[in-house]
Amino acid sequence: MRSILIPIIDISLLTLIFYKGYQIFLQTRAISLIRGVIFLVVLYGVAYLLQLRTLLWLLNMVAPSLLIGVAIIFQPELRKIFIRLGQGQLFHFRESDKPLQIESVLKAAGVLSDQRRGALVVFVRNVGQKNIIETGSRLDAELSPALLITIFGHDTPLHDGAAVVENGRIVAAGAFLPLSEQQDIRRSFGTRHRAALGLAEESDAVILVVSEESGAISLAYDSMLHYNLGIEEARSRLSELLNVDAVPEEAGDGGFDE
C-alpha cells in the first residue's frame, strides 16, 4: 500500500507546484518567458538530434548571454514571483471576486449611466495587467460604488482613464488602455469603447464601459464588445466570467435599461 500511496502523493505535490507556479507566472505576465525557454529547449533538442553543428555552436555561445539578458529584462517579474513565494503564496488559492464586488461596480455604473458620465472599469482575470496599471495612478483602495462614482462622476484627472479592479480592490485609476485596430467597429463608438475592445483583444480581462453619450452599459471580453446590456444580463455575464455565484438583484438598479 505504501509503495502505491507515496508515488501518488509525490506526483500530486509536483503537479500542484507546477500548476501554482504557472498561475504566478500568468499573473506577472512573465508567461512569455516560459514560452521563450520552451522554444529554445525544443530548438536545442532538434539541433542535437539532427547534429546541426553550426546551430549547436551558436546556441552554446549565446546561452550564457541569454540567461543574463532574461534576468535583466524580467527582473521586476522575477522579483515579484520570489516575493510571492517567500510570502507563502505558492499554495494560496486565489479567491474569486465576491458577488458584492460585482454589485458595487454595477451600482456605480447605474448612477453614472443616469448622469451620462462615462466610465471604464477593468476586471483582471488570469493575465496580469501590470503594464496597464503602471500607466495610471495607484490606489489599492477598497472597491465601493461611492469611490467609483467619485472617480468618474466628476471632472477629476482620473475620470478619462480606466479603473483597474484586481482581487476585489481598485488597484489603479486613470489607466490608459490600448485602442482597438478593428476596421469594422462602429464609427459611433468613442474612445472608451475602442479602448475596452483593444484590451479585450490583447488579454483575458473583462472591461465594463458606460457610454457618456447614451448611458449604455457594455462589456468587452474575448475580443468582442457586447453593447447596451440590461442590468440582469450584465450581472449574469460578469458572474459567469469572474466565476462567482449569481448576484442577487437589489434595489437601485434604475438607469441601466433604456
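Axes here are lines fitted to C-alpha atoms, for helices over the stretch in contact, and angles run from 0 to 180 degrees between N-to-C directions. Helices (H or I, at least four residues) and strands (E, at least two) are DSSP runs, numbered from the N terminus. The model is predicted, so local features need pLDDT of at least 70 and side-chain atom pairs count only at pLDDT 80 or more, while totals for chains, interfaces and linings use all residues. Residues are numbered from 1 along each chain as its sequence is written, and side-chain values use heavy atoms, with hydrogens and water left out.

Let us start with the overall picture. The protein chain has 9 helices and 7 strands. Of its 258 residues, 40% are buried, where buried means under 20% relative accessible area, exposed over 50% and partly exposed in between (1.4 Å probe, protein chains only). A contact means heavy atoms within 4.5 Å. Among contacts between residues at least 6 apart in sequence, 64% join residues at least 24 apart.

Now to the sheet. Its 7 strands form an open sheet in the order β2-β4-β3-β1-β5-β6-β7, with mixed pairing; two strands pair if DSSP finds at least two bridges between them. At the edges stand β2 (137-142) and β7 (224-226), each with a single partner strand, so one side of each is left without a neighbour in the sheet. From one strand to the next, the twist averages 20 degrees.

On one side, β5 runs antiparallel to β1, joined by 5 bridges, and Ala119 has Val210 in β5 as its bridge partner. β5 also pairs with β6 in the antiparallel sense, over 4 bridges; there, Ile207 has Ala220 in β6 as its partner. β5 and β6 form a hairpin with 6 residues between them, and Gly215 in the turn has a positive phi of about 80 degrees. Continuing along the sheet, 3 bridges join β6 (residues 217-221) to β7 in an antiparallel arrangement, with Tyr221 opposite Met224 in β7.

Helix α9 lies across β1, β5, β6 and β7, running at about 25 degrees to β6. In α9, the buried residues are Ile231, Ala234, Arg235, Leu238, Ser239 and Leu241, and what covers them includes α5, β1, β5 and β6.

How do the helices pack on each other? Two packed helices are described by the angle between their axes and the distance between the axes. Helix α5 (residues 99-114) and helix α7 (residues 145-152) pack at an angle of about 40 degrees, with axes 8 Å apart. That makes α5 oblique to α7; angles under 35 degrees count as roughly parallel, over 145 as roughly antiparallel, 65 to 115 as roughly perpendicular and the rest as oblique. From α5, Ser104, Val105, Lys107, Ala108, Val111 and Leu112 meet Pro145, Leu148, Ile149 and Phe152 of α7. By class, this contact has 8 nonpolar, 1 polar and 1 charged residues, with Ala, Val, Leu, Ile, Met, Phe, Trp, Tyr, Cys and Pro counted as nonpolar, Asp, Glu, Lys and Arg as charged, and the others, Gly among them, as polar.

Ile102, Glu103 and Leu106 in α5 meet Ile231, Ala234, Arg235, Leu238 and Ser239 in α9. This contact has 5 nonpolar, 1 polar and 2 charged residues.

Finally, a look at the backbone. Most residues other than glycine have a negative phi. Arg116, in the loop between α5 and β1, has a positive phi of about 55 degrees and is partly exposed, with a relative accessible area of 41%.
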